[in-house]
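Me: Please examine the model shown below and answer a series of questions on its architecture and side-chain contacts.

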Amino acid sequence: KQSKNRPRFNFYDGPPFATGLPHYGHILAGTIKDIVTRFAHQSGFHVDRRFGWDCHGLPVEYEIDKTLGIKGPEDVAKMGIEEYNNQCRGIVMRYSKEWEFSVTRLGRWIDFENDYKTLYPEFMESVWWVFKQLYDKGLVYRGVKVMPFSTACNTPLSNFESHQNYKDVQDPSVTVSFPLDEDASVSLVAWTTTPWTLPSNLALCVNPELQYVKLRGKYNATGKIYVLMESRLISLYKSDGEYEILDRQVHNLLFPGIALKGKKYKPLFEYFIQCKDKGAFTVVVDSYVKEEEGTGVVHQAPYFGADDYRVCMDFNIIQKDSMPVCPVDASGCFTAEVTDFAGQYVKVSDKNIIKLLKEKGRLVQSSSFKHSYPFCWRSDTPLIYKAVPSWFVRVENMVEKLLENNAQCYWVPDFVREKRFGNWLKDARDWAISRNRYWGTPIPLWVSDDFEEVVCIGSVAELEELCGLKVTDLHRESIDHLTILSRCGKGLLHRVPEVFDCWFESGSMPYAQVHYPFENKKELEDAFPADFIAEGIDQTRGWFYTLLVLSTALFGRPPFKNVIVNGLVLASDGQKMSKRKKNYPDPMSIVNSYGADALRLYLINSPVVRAENLRFKEEGVRDILKDVFLPWYNAYRFLVQNVQILEHKDDGREFLYNENTVKESNNIMDKWILSFTHSLIQFFKAEMAAYRLYTVVPRLVKFVDILTNWYVRMNRRRLKGENGTEDCISALETLFSVLFSMCRLMAPYTPFITELMYQNLKTLIDPASVQEKITESIHYLMLPQVR
C-alpha cells in the first residue's frame with residue numbers, strides 16, 4: 001500500500017503445479033524472484049507479486065489415472081467426463097497449503113490471496129481470446145503430423161515437451177532382410193531399433209545420391225546376396241575379407257540409391273498385403289537417409305516416424321485408424337496390439353518379433369543399442385512417434401520475428417539468449433496445441449461433421465449468443481453438449497473434443513491473469529512487457545518459449561525485458577533429485593536445521609545462478625551459517641553490547657546515530673571501512689540493476705569477512721572504550737553505519753536475520769534523522785545512498 005503511487009516494476013510469476021511439494025528447483029527460482037523484486041521495492045518501485053497456479057493438464061490427470069486405475073479413454077467414458085474432471089478438480093490444489101507454508105517460511109514476499117489459477121473461468125476466457133486472435137490471423141490449422149506420443153497419458157505432446165526428458169536406454173537393434181520380387185536371392189537389408197514397428201512396414205527408403213553396393217558374405221552358408229549403403233558396410237562386417245562385392249558389370253561396382261527406386265520386395269508380414277496393389281512394399285528415396293548409422297536402408301512404418309507420414313499419404317491409408325498405440329509392458333519392452341485390415345488383433349512385442357524374424361529366416365543380425373531416447377515428462381514412459389490429427393499454431397513462418405524479439409530481451413547469463421534459446425528458436429516447429437484429454441481449457445472451435453465449416457469462439461458472450469444458453473463454466477462437462485446452428489446448411493456444429501496444451505495456458509498468462517481484454521485493458525497495456533521474469537534453464541523449451549511465441553503472434557513484441565535463467569539443482573552425487581531414490585535431504589528439514597536465510601544464500605552463492613548445475617550438499621548450507629552468519633551476528637552483538645556499556649558507564653548519555661550530523665572520523669581504520677562500504681553499495685546497485693546476482697553475493701560474503709576479521713578484530717579496544725569516550729563513539733558510529741548499510745543490502749537476500757538485527761538497531765537511530773514515513777521493517781526502507 002505504501003508504494004502504490006510509485007513507478008511500477010512488472011513481474012510475472014510462472015505458475016507451478018500444486019500436485020506435488022516444492023523442491024529445491026522451486027526454492028531456487030522463488031528466491032531469485034524474491035531478491036529481484038525486493039531490490040526493485042528498495043529502489044523506489046511498486047511491485048505487484050501475484051502467485052499463480054498451473055491447474056490443468058497431464059500432471060493432474062496422470063495422478064488421477066494412477067489413483068483410479070484408468071487405462072484409457074474407454075475408462076473415462078464409463079465414469080463420464082464430469083466425474084473425471086471433478087476428481088481432477090479435487091486434487092489440483094492438494095498441496096496448496098503446504099506450498100503457501102513453504103514459500104512463506106522461505107521468506108518469499110508474494111500475494112497468495114490475490115492469486116491467479118488457470119482453472120478460473122476468467123483466465124480460461126482470456127485463453128479463448130488469445131486463441132481467437134491467432135485463428136483470425138490465419139495462424140491455426142488442423143493437420144496430421146507424426147508427433148511424439150505419450151502412451152501412458154494417451155495424448156500427443158508438442159516437440160518442446162518431448163525434449164524435456166531424455167534418457168540413455170538400451171534398445172534391441174535388428175537388421176532384417178527384404179528379398180526383392182524380381183530376384184528373391186537378393187535382399188535389401190534394413191536396420192531398426194524399434195522391432196515392434198516391423199509388422200506395419202510398408203516401404204523401404206534409400207538415399208538417392210549416396211552409393212550402394214551388392215555383396216555376398218563369405219561365411220554366409222545360405223549364399224544370400226545383400227544390398228546396402230557402401231559407407232555402412234561396417235554395420236554388418238568387421239573387415240573387407242568377410243564379403244565379396246558382386247555386380248561387376250556396374251561401373252566401379254557401386255550404384256547410387258536412385259537405381260533402387262520403385263523396386264518391389266516381399267513383405268515381412270501379411271497384415272497389409274492388400275496394400276501391395278496400392279504401391280506398398282516398394283523402395284522410395286529421400287535425402288534424410290544418412291550415412292551415420294544403420295545400413296543406409298530405412299524401414300518405413302506409417303504412423304511411427306516423421307518421414308513415414310509421406311508413405312501414409314502415398315498409400316492413402318491415413319484415415320485407417322488401425323495402427324497401435326504402444327504401451328510398455330512390465331519388462332520394459334514395447335508391446336502393442338496391431339489390427340490388420342480384417343480387424344484381427346495381433347499382440348506384438350520386441351521379443352516376439354525377433355523370434356518370428358528368426359523363424360522366417362529374415363533376421364540378419366540382432367544386438368542391443370545404447371542411445372538417448374525421449375520419455376514422457378510426466379509419466380516417465382518412453383514416447384513413440386505416431387501420426388495423430390492435431391491442431392497447430394504456425395510458428396515456422398515467424399522464426400525471424402521470434403529471433404528479432406528475443407534479441408531485444410536481456411538474458412542473464414547472456415549466452416542463453418544466443419545459444420540455448422536462440423538455437424532452439426532457429427529450429428522452431430509448428431506448435432501442436434491440442435491434447436486428446438479432458439481436464440483443460442477446451443479448444444473453442446465448433447465444426448461441421450466434414451470440418452468444412454469452423455466457428456472459433458473468443459468469449460463467453462459470443463458462445464451464449466450463438467448457442468442461446470447461459471454459460472458459467474468453461475470446462476468440457478459444461479460446454480461439450482452445446483451446439484451452434486450452421487450458417488451453411490450443415491445442421492448443427494459440435495465442439496472439437498480436444499483441450500489446450502497446458503503450456504498454451506501458461507504462455508497466455510500475462511493476459512489471462514488480469515482477464516484481458518475483458519477487464520484491466522489499460523493496466524495490461526501499460527505494464528507489458530514484463531520488466532522481469534526468472535525460471536530454470538529447462539524453461540527455454542517451455543514457458544520462456546510459449547510466452548515469446550504468443551506475444552510475438554499477438555502483438556509483435558517480446559513478452560519480457562529481463563530474464564534470469566538458473567541451472568538445475570542436482571543431488572550430491574550429480575544425479576537428478578529423486579523422491580524414489582531419496583537421494584537428497586528434505587528442504588524443510590534443512591530450513592529447520594539451518595534457517596531459510598542460510599539455504600537462500602547457499603543457493604544464490606553457487607554456479608546455479610549462472611545457469612550451471614549445482615550438486616546440493618547439506619554441509620554447504622552449514623558453512624554459510626558458520627562462515628557468514630555467525631561472524632556477522634557476532635559483530636552486530638559486539639556493537640550492541642558496547643553501546644550498552646558506554647551508556648551505562650557514561651551515565652545518562654544516550655547513543656543515537658544521525659547520519660546527517662555524524663562527525664567525520666580521523667581514524668584511518670574508520671575511513672577505510674566506510675570507504676569500503678560505499679564502494680560496496682555502488683557495486684551492489686550497479687550489478688543488481690544488471691541482474692547479476694552471482695557477482696553480488698561473493699562481494700557481500702567477502703565483506704562480512706573484512707568487517708569481522710579485520711575491522712572489528714583490530715578495533716576491539718576502541719569499541720570497548722579503552723581509548724576514551726570520544727574515540728569509542730567514533731568507532732561505534734562507524735560500526736553502526738556499516739552494519740546498518742549491510743543490513744539494507746543483505747535484506748533481499750537474507751530477509752530474516754536482517755529484520756532481526758534491524759529491530760534492535762532502529763532503537764539506536766536518531767528519530768530526527770529519519771526521512772522515511774514507515775520504518776517498522778527493514779524491508780520498508782530504501783537502499784542507502786552512496787556518499
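Me: Into which domains is the protein chain divided?

Reply: The model is predicted, so local features need pLDDT of at least 70 and side-chain atom pairs count only at pLDDT 80 or more, while totals for chains, interfaces and linings use all residues. Residues are numbered from 1 along each chain as its sequence is written, and side-chain values use heavy atoms, with hydrogens and water left out. Domain bounds come from an automatic or database domain assignment. The protein chain is divided into domain 1 (24-133 + 502-609), domain 2 (161-387), domain 3 (444-495) and domain 4 (621-780).

Me: How many helices and strands are there in the protein chain?

Reply: Helices (H or I, at least four residues) and strands (E, at least two) are DSSP runs, numbered from the N terminus. The C-alpha trace that carries them spans about 115 × 75 × 45 Å along its principal axes. The protein chain has 25 helices and 31 strands.

Me: How far apart do the C-alpha centres of domain 3 and domain 4 lie?

Reply: Domain 3 covers residues 444-495 and domain 4 covers residues 621-780. The separation of their C-alpha centres is 66 Å.

Me: What percentage of the residues of the protein chain count as buried?

Reply: Buried means under 20% relative accessible area, exposed over 50%, and partly exposed in between (1.4 Å probe, protein chains only). Of the 787 residues of the protein chain, the buried part is 57%.

Me: Is Pro22 buried or exposed?

Reply: Pro22 is located in the loop between β1 (8-9) and α1 (24-42). Its relative accessibility is 14%, and Pro22 therefore counts as buried.

Me: Which residue has a backbone nitrogen that the side chain of Asp350 reaches?

Reply: Asp350 belongs to helix α9 (residues 350-359). Asp350 is buried yet has no salt bridge, and Lys351, the nearest side chain of opposite charge, is 8.9 Å away. Lys and Arg count as positive and Asp and Glu as negative, whereas His and the chain ends are not counted. At 3.1 Å, the side chain of Asp350 reaches the backbone nitrogen of Trp196.

Me: How many salt bridges does the structure hold?

Reply: Side chains of opposite charge can pair when their charged atoms come close. A salt bridge is a side-chain nitrogen of Lys or Arg within 4 Å of a carboxyl oxygen of Asp or Glu. One network of them links Asp13, Lys33, Arg108 and Glu535. The structure holds 41 salt bridges.

Me: With which residue does Asp65 form a salt bridge?

Reply: The closest N and O atoms of this pair are 3.1 Å apart. Asp65 lies in helix α2 (residues 58-68) and its partner in the loop between β22 (434-435) and β23 (445-447), so the pair ties together parts that are 372 residues apart in sequence. Both residues are buried. The partner of Asp65 is Arg437.

Me: With which residue does Arg435 form a salt bridge?

Reply: The closest N and O atoms are 3.3 Å apart. Arg435 lies in strand β22 and its partner in the loop between β27 (499-500) and α14 (502-507), so parts that are 66 residues apart in sequence are tied together. Both residues are buried. The partner of Arg435 is Asp501.

Me: Is Arg718 buried or exposed?

Reply: Arg718 meets Asp727 in a salt bridge (3.0 Å, N to O). Asp727, at 22% relative accessibility, counts as partly exposed. Arg718 has a relative accessible area of 7%, and therefore counts as buried.

Me: How many aromatic pairs are there?

Reply: Rings of Phe, Tyr and Trp (its six-membered ring) pair if their centres lie within 6.5 Å; planes under 30 degrees apart count as stacked, over 60 as edge-to-face and the rest as tilted. By this rule the count of aromatic pairs is 46.

Me: Why does the pair of Tyr410 and Tyr691 count as tilted?

Reply: The two ring centres are 6.3 Å apart. Tyr410 is in strand β20 (residues 410-412) and Tyr691 in the loop between α21 (668-689) and α22 (693-714), 281 residues apart. Tyr410 is partly exposed at 30% relative accessibility, whereas Tyr691 is buried at 8%. The pair is tilted because the ring planes stand at 50°.

Technical notes:
A polar contact is a pair of N or O atoms within 3.5 Å; within protein, one must be able to donate a hydrogen and the other to accept it, and residues adjacent in sequence count only if both atoms are side-chain atoms.
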